[in-house]
Amino acid sequence: MSENKSFEIKAEQRQSWWSITMVWAGAMICVSCLMVGGVLGNSLTLGQVAMSVIIGYGIIAAYMSLIGMQSCDLGLPTAILAGGALGAKCSKYVVSAILAIACIGWFGVQSAVCGISFSAMFLQIFNVDIPTWISIVFWGVIMLVTACYGFKGLKMLNTIAVPLLLVVCVYGLILALVNNDGMNAIAVYQPAINMGMVFGINYTIATFALGGVISADYCRFAKNRKDVVKSSFIGVIPAGFLILMIGAILTIVTGQYDISAVFVSFGSPVLGILGLLALICGTWTTNVTNAYTGGLALSVMLGIDEKKSKIPTAAAGICGIIVALVGALAAAGFYAVFQNFLSILSALIPPLAGIMIADYWILGKGDKDNFKVIEGLYWPGLISLIAGILVACSTGGTFASYFPGLVQALPILNVSFFVGPINGIVVSLVLYAILGSIIKKK
């Protein structure tokens, strides 16, 4: 545990619950969440969308609070806390590598989305052609520099950007409603095919299942458990509800979910600039968390003191920018394939929450003095994690979506039931609680 001390947050480094809330709100407000809102708007009634979002994000806020309270007690990030259930070696190398690859990959995808959209919108608004690669590098570097300042950089960015972005999004929604007879369209709207609430909850949880697991990286800065719960519920549910509902309503009224594109469609340079602002802030506030968490995971994996975390954070961001450039220059299908890979990787992570919660709150009774990281590999944790991953992927459609041939040979790998990531968390939690109580840590 001695090498973990460098990652432990001291009392003087603790932050207000509102600072952590703003980080979560900034992570929620992004183009991908607007897109999910658009999917839900096409598939459910608005009442069903609202209930799906509240239930889905309520579930996430609950389990991220449990992980966050543990990190607050111990002052440690996810990649180290996982060692309590998996053992030091597995946590340091396997978990850290998965988190690093996933976050670096998503940083690259988000940087590419921002750069490509920025160049296209700039040309449309100002008739100035900025090469896509320049936009990708420019905004990727800007986001990376913010992340290198650590939690303070995230706090400053989100304190300014989140309220501004919320105002811009609400203003864009009002314009869309007024200019498209939106209230009448909403009043008579019914989806062509109603996919049901389970579909909506599943899609909602998918937007932030990974974020719930890595909550320890940020909640370790909280002053107490109460602040963790407040920041989790207030940071995730209101912002998530608003952004997904905006995406759903925009899709119903205008046929597109992207608020920045809606602004540009009005043909006014001023509104076009607001669209650019929404695009940049929405990507920026989300992407800095990818670089920060990716850099933190690399620091743990390489055994680098967190005081020197700017180096691995910079390395993570540079790798992400390279991914973005490769994707922009490669064949058109690159991002689809790469996002599929990242989606598979992200599906591996939620069951990790189950074994962490069981280890600390069930077997450890929520007492930080009972938390232990054993050397090597802890088999009850690994078995429980693998079981949770298999259940999450088979019940959530991951195997069916990405490995249809395998599912055809083994139909048991595609059993549709409730919400895949949550199923995986529950299975890994219960199994670890059973195995861990039988096989005591040594």
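These legends describe close-up views of a predicted model.

**View 1. The largest cavity.** How many cavities of 30 Å³ or more are counted? The count comes to two, and the largest cavity holds about 50 Å³ of space. Its lining is made up of Ile29, Cys30, Val31, Leu34, Leu165, Cys169, Ile243, Asp258, Ile259, Ala278, Leu279 and Gly282. Three helices, α2 (31–43), α8 (150–179) and α14 (269–302), each supply at least two residues of this lining. The most comes from α14, with three residues. By class, the lining of the largest cavity has 10 nonpolar residues, one polar and one charged.

**View 2. The second largest cavity.** About 30 Å³ of space lies in the second largest cavity. Pro77, Thr78, Ala79, Leu99, Asp217, Thr293, Leu296 and Ala297 line this cavity. Helices α4 (78–81) and α14 each give at least two residues to the lining. Which element has the largest share of the lining of the second largest cavity? That share, three residues, belongs to α14. The lining of the second largest cavity divides into five nonpolar, two polar and one charged residues.

**View 3. The second largest pocket.** The second largest pocket contains about 520 Å³ of space. It is lined by 22 residues, of which Gln13, Gly150, Phe221, Glu306 and Ser309 are the closest to its centre. Two or more lining residues come from each of α7 (132–148), α8, α14 and α15. Sorted by class, the lining of the second largest pocket has nine nonpolar, seven polar and six charged residues.

**View 4. Glutamate 306.** Glutamate 306 is located in the loop between α14 and α15 (310–329). Is glutamate 306 buried or exposed? It counts as buried because its relative accessibility is 15%, under the 20% limit. Apart from neighbours within four places in sequence, the residues in contact with glutamate 306 are Ser6, Phe7, Arg220, Tyr292 and Leu296. Among these contacts, Leu296 is also one of the residues that line the second largest cavity. Glutamate 306 itself is among the residues closest to the centre of the second largest pocket.

**View 5. Helix α12 and its two ends.** Helix α12 covers residues 225–254, 30 residues in total. From its first C-alpha to its last, α12 reaches 43 Å, close to the 44 Å expected at 1.5 Å a residue. At the start of α12, a side-chain oxygen of asparagine 224 comes to within 3.2 Å of the backbone nitrogen of lysine 226. What follows just after α12? There, glycine 255 has a positive phi of about 90 degrees.

**View 6. Asparagine 127.** Asparagine 127 sits in the loop between α6 (88–126) and α7. Phi of asparagine 127 is positive, near 60 degrees, in a residue other than glycine. With 65% relative accessibility, asparagine 127 counts as exposed, because exposed means over 50%.

**View 7. Aspartate 181.** The loop between α8 and α9 (182–187) holds aspartate 181. Its phi, near 50 degrees, is a positive value in a residue other than glycine.

Definitions and conventions: Residues numbered from 1 in each chain as written. Predicted model: local features only at pLDDT ≥ 70, side-chain atom pairs only at ≥ 80, totals over all residues. Heavy atoms only, no water. 1 Å grid on protein atoms, 1.4 Å probe; cavity = no way out; pocket = protein on both sides within 12 Å on 5 of 7 lines; lining within 4 Å. Points joined across faces, edges and corners; volume = space filled by probe spheres on them. Helix = DSSP H or I, 4+ residues; strand = E, 2+ residues; numbered from the N terminus. Nonpolar A, V, L, I, M, F, W, Y, C, P; charged D, E, K, R; others polar. Expected span 1.5 Å × (residues − 1). Polar contact = N/O pair within 3.5 Å; in protein donor to acceptor, adjacent residues only side chain to side chain. Buried < 20%, exposed > 50% of the residue type's maximum accessible area, 1.4 Å probe, protein only. Contact = heavy atoms within 4.5 Å.
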